[in-house]
Amino acid sequence: MKIHSIYRTVTQIADVSEITVTARTSSSIAISWDRIKNATAYTIYRKDSTDDNYTSIATITDWENSAYTDTGLTVGKTYYYKVAAFVS
């Protein structure tokens, strides 16, 4: 996948395979992952059904940051996450 912007092209280099999800409150979770070598950004995707498509919920551009907190979640609902690493 390539994303073009006015300034540069960003290319997906990997899907992050090891994601840790931890409950923070009744309506939020913390997502963390091991950093991918040479990644300059990560995009976090979420879906709430096995039939749905993933939707981008955040992009982390601080390459040293490998965590995100997802808030506003519904108690009792199941969510699915994936994280993709990008390089620019």
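This note sets out several points on the predicted model shown above.

1. Overall architecture. The protein contains eight strands and zero helices. Along the sequence, the pattern accordingly reads β-β-β-β-β-β-β-β.

2. Burial and surface. The protein has 88 residues, and buried residues account for 28% of them. Its accessible surface is about 5,900 Å², with 46% of that area belonging to carbon and sulfur atoms.

3. Contacts across the sequence. When contacts between residues at least 6 apart in sequence are considered, 61% of them join residues at least 24 apart.

4. The largest nonpolar core. This core consists of 14 residues, and the members that touch the most others are Ile31, Trp33, Tyr42, Ile44, Tyr81 and Val83. Two or more residues come from each of the strands β4 (28-33), β5 (41-47), β6 (55-60) and β8 (80-87). In soluble globular proteins, nonpolar side chains tend to be buried together.

5. The surroundings of Tyr81. Apart from neighbours within four places in sequence, Tyr81 is in contact with Ile19, Ile29, Ile31, Ile44, Tyr45, Arg46, Tyr54, Ile57, Asp70 and Leu73. Two of these partners, Ile31 and Ile44, are also listed with Tyr81 among the core members that touch the most others.

6. The position of Val87. Is Val87 buried, partly exposed or exposed? Its relative accessibility is 23%, and Val87 therefore counts as partly exposed, since buried would require a value under 20%. Val87 lies in strand β8. The C-alpha atoms of Val87 and Asn38 are 6.6 Å apart in space, although 49 residues separate the two in sequence.

Key
Residues are numbered from 1 along each chain as its sequence is written. This is a predicted model: local features need pLDDT of at least 70, side-chain atom pairs count only at pLDDT 80 or more; totals for chains, interfaces and linings use all residues. Side-chain values use heavy atoms; hydrogens and water are left out. A nonpolar core is a set of buried Ala, Val, Leu, Ile, Met, Phe, Trp, Tyr and Cys residues joined through side-chain atoms within 4.5 Å. Buried means under 20% relative accessible area, exposed over 50%, partly exposed in between (1.4 Å probe, protein chains only). Helices (H or I, at least four residues) and strands (E, at least two) are DSSP runs, numbered from the N terminus. Contact means heavy atoms within 4.5 Å. Accessible areas come from the Shrake-Rupley method with a 1.4 Å probe; for residues, only the protein chains shown count as cover.
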